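Trainee: Could we go through this model together, one question at a time?

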Amino acid sequence: MEKISEPFEFKECIGILKATGKKARNLKELRDIVAVVSAGSIFHHTYQYFMRERFLEYTNDFAQWAGEGLEERALAEELSNIDPYEFRDTEEVRKRLLDIIGGYLERFPDPRDAMAGDEFYFNETVTIIYPAGIRAENLAEFLIAIRFMDVNAVYYHFYDARVRLGTDDFSTWFERVIGKPALAEAVRAIDPFMHDLEWIRRYIAGAVEAEVRRDMEMTGGGG
Amino acid sequence: MISRYAGIAPARDLILLRKLGERLRGKTFLHVNSTRAGGGVAEILHRMIPILKGVGIEPRWEVIEGDERFFEITKKLHNTLQGNAEKIDGEMWRYYFEVNRRNAERLDLDADAVLIHDPQPAPLIEFRKRGIWIWRCHIDLSAPSRDVCDMLTTYCRKYDASVFSVAKFARAMGTEEFIIPPSIDPLAEKNRELSAEEIQAVRDRFGLEKERPILLQVSRFDRFKDPVGVIKAYRAVKKYNDCVLVLAGSPATDDPEGAVVLQEVRDYAADDPDIRILLLPPFSDTDINALQRLATVILQKSVREGFGLTVSEAMWKGKAVIGGATGGIPLQILHGVTGFLVHSVDGAAFRTRQLLNNPEMAAKMGTDAREFVRQNFLITRHTRDYLSAWYCIENRGKDVIEL
C-alpha cells in the first residue's frame with residue numbers, strides 16, 4: 001500500500017486527578033459551587049467523563065450524581081442531554097448547567113440531601129499527553145495500530161480532538177490526508193454519547209478494514 | 001524490571017512510566033514512613049522501589065524510629081484523625097515533634113522529591129533541605145477530630161502538595177491535593193498466578209471439599225469487617241444453597257480487641273462444621289492467594305473501611321466480590337458490573353445467592369472485575385501517578401502537559 005506524506009501519529013493521554021476541596025450535599029450546594037468552581041473542574045466532570053473505559057448510565061458526572069446520588073431522575077435526564085461539544089467553551093457549559101439546575105430548583109425548591117459519603121466531590125485534572133510510539137503511514141498500518149492501541153488513544157483522538165479542533169482526528173486524517181471522505185463520514189456519524197471507547201475502537205477498526213478490503217479488491221490483491 | 005509487567009499491566013502505564021523516567025532520570029526520590037515491615041504502605045514500597053529504579057529514578061526509603069511513647073501518641077493521632085474522640089495534649093504534640101527532630105538529624109533528607117507517608121513523620125517538613133515535598137495520607141480524613149486535624153494541618157500546609165487515596169478522604173488544607181488510589185502488585189506472592197497443584201495443596205491442607213461452593217472473607221478479626229454479619233449472611237444463604245464459609249485471618253496475639261472479636265466469632269459460629277475459621281500466620285500470602293482462587297463467592301462485608309485493597313486482590317483472581325458500600329470499596333466495585341455493593345446482612349445474603357445460582361453471571365462479573373483492577377489498581381499505575389504528580393508540581397500552573 002502506498003505511503004502518504006503525513007503519517008497518523010498516535011498519542012495517548014491520562015488525567016491526574018486533583019481534589020478542589022469542594023463538595024455538595026444537595027442541589028442548592030451543587031448550583032452554588034458550579035457557579036464558582038474552576039473551569040478545569042467543569043471540564044473534568046463533563047468533557048472528561050468520556051475518558052473512563054466504562055460509561056455509567058448518564059453522560060456526565062453531574063447527571064450521574066443527580067440520578068444515582070439524589071434520585072432526581074428527571075433532572076438527571078435533562079443534564080444528560082448536555083452536549084459539551086456544542087458550546088464554545090467551558091464557561092458556556094457552566095452557564096447551561098446553572099440554567100438547568102436553577103430551573104429544576106424553581107420547580108422543586110426543597111432538594112433532599114445525599115447520604116453521608118455520597119456527596120458530590122468536585123475534582124479537576126492535569127492532562128498528560130504523550131506519544132504512543134506508533135505512527136501509521138497508510139490505512140493498513142492504521143488498522144493494525146487501532147486494533148492494539150490503548151483506548152486512551154481513542155479518547156485523545158476522538159473526544160479530546162473535538163475541544164482542540166472541533167472534530168475528531170481520525171476523520172480529519174481519513175479525509176484530508178488519505179482522501180477517503182466516505183470513511184471520514186462513517187467516523188463522524190458515531191454518536192459520541194452512546195458508546196464507550198472500546199466500542200468506538202472496534203467500530204473504527206471495522207470501517208477501516210472494510211475500506212482496506214475494497215482497496216485490495218480494486219487493485220487486484222493489494223499490489 | 002518493568003518489562004516483567006508487559007502483557008499484564010496496561011501498555012499505556014508502561015509507556016508513560018518510561019517517558020516520565022526519561023524526564024526524571026537520575027533524580028532522587030525519597031520515601032519516608034514509620035515501618036519497614038507490616039502494613040499496606042510498607043508492602044507497596046517494597047514492590048515500588050524496584051520499579052522506580054527500573055525507569056532510571058534513584059529511589060531511597062527511610063524509616064523513622066520512635067519509642068513506645070511516640071507510637072502510642074501517633075496511634076492516638078491516627079484514631080482521632082479517623083473520628084475517634086481521644087485527647088492529645090500539648091506535651092504529646094511536643095514529644096511528637098521532638099522525635100521527628102531527632103529523626104531529621106539521623107536521616108538523610110536530601111532528595112529531589114520527598115514523599116512522606118502518613119502522619120507519623122509529617123513534622124519532618126520543618127527540616128526540609130531542598131526539593132519537592134509531598135505528604136501522602138493513606139487514611140480517611142473526611143471526619144476528623146477538628147483540633148487534632150488543625151494541628152496536623154500546620155505541618156501539612158508547608159508541603160508542596162498532598163496525596164489522598166479517595167476524593168472523599170481528602171480535606172481542604174490549602175495545598176494542591178492529588179487523588180491517587182493505592183494498588184496491588186500482580187507479581188507479588190499474594191497475587192501471582194498459581195499452578196493447579198499449588199491450589200490443590202491448599203484445598204487439601206484446609207480440608208475443603210471440591211464439590212461444595214465456598215464463601216470466603218479474608219480479613220482481620222475486627223468489628224469493622226463485620227465477621228459476625230458474614231456468618232449471619234451465610235446462615236441465610238444456607239437455607240437455600242449448600243455451601244461452606246471460610247473466614248481467614250491472622251491470629252490476634254498482640255491485639256486484645258482482636259482476640260475478643262475472634263472469640264465472639266467462634267461463639268457465634270458455635271459447632272457448625274461448615275464454618276471454617278482459619279488462623280493464618282503472618283506472610284501466608286500463598287494460602288490467601290489460593291483460597292481466593294478456590295472461593296465461589298468472596299465477601300468484604302466491611303461496615304467501615306480504608307481503601308479495602310483486599311477487594312482488588314479478590315477481583316484480580318477473577319471473582320465477583322460482594323463488598324460493604326464504605327470507604328474505598330465503591331471505587332473498586334461497580335455495582336452490578338464488577339460485583340455487588342451491599343448495605344446490610346440481608347443484602348450480602350441476597351447477592352451471595354444470586355452469584356451462587358447464576359454461575360455465568362458470576363463468571364462474567366469476575367472477568368470484568370479482573371479487567372477493572374488491571375486498568376485501575378495495579379502498582380504500575382500507582383507508580384506512574386506518583387511520578388506524574390511530581391512532574392505536575394515541577395510544571396505547576398499547566399492544565400495540560402505534553403511529553
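Trainee: What distance separates the centres of domain 1 and domain 2 of chain A?

Mentor: This is a predicted model, in which local features need pLDDT of at least 70 and side-chain atom pairs count only at pLDDT 80 or more, while totals for chains, interfaces and linings use all residues. Residues are numbered from 1 along each chain as its sequence is written, and chains are lettered from A and ligands numbered from 1 in the order in which they are written. Chain A is divided into domain 1 (8-12 + 130-218) and domain 2 (16-124), with bounds that come from an automatic or database domain assignment. Taken over C-alpha atoms, the distance between their centres is 30 Å.

Trainee: Which element gives the largest share of the side of domain 1 of chain A that touches domain 2 of chain A?

Mentor: Here 10 residues of domain 1 of chain A are in contact with eight residues of domain 2 of chain A, contact meaning that the C-beta atoms, placed from the backbone, lie within 7 Å. Two elements give two or more residues to this side of domain 1, α7 (151-165) and α10 (197-218) of chain A, where helices (H or I, at least four residues) and strands (E, at least two) are DSSP runs, numbered from the N terminus. The largest share, five residues, comes from α7(A).

Trainee: In β6(B), which residue is the bridge partner of A:Ala19?

Mentor: β1(A) and strand β6 (residues 176-179) of chain B run antiparallel and are joined by two bridges, and strands pair if DSSP finds at least two bridges between them. Within β6(B), the bridge partner of A:Ala19 is B:Glu177.

Notes
Contact = placed C-beta atoms within 7 Å.
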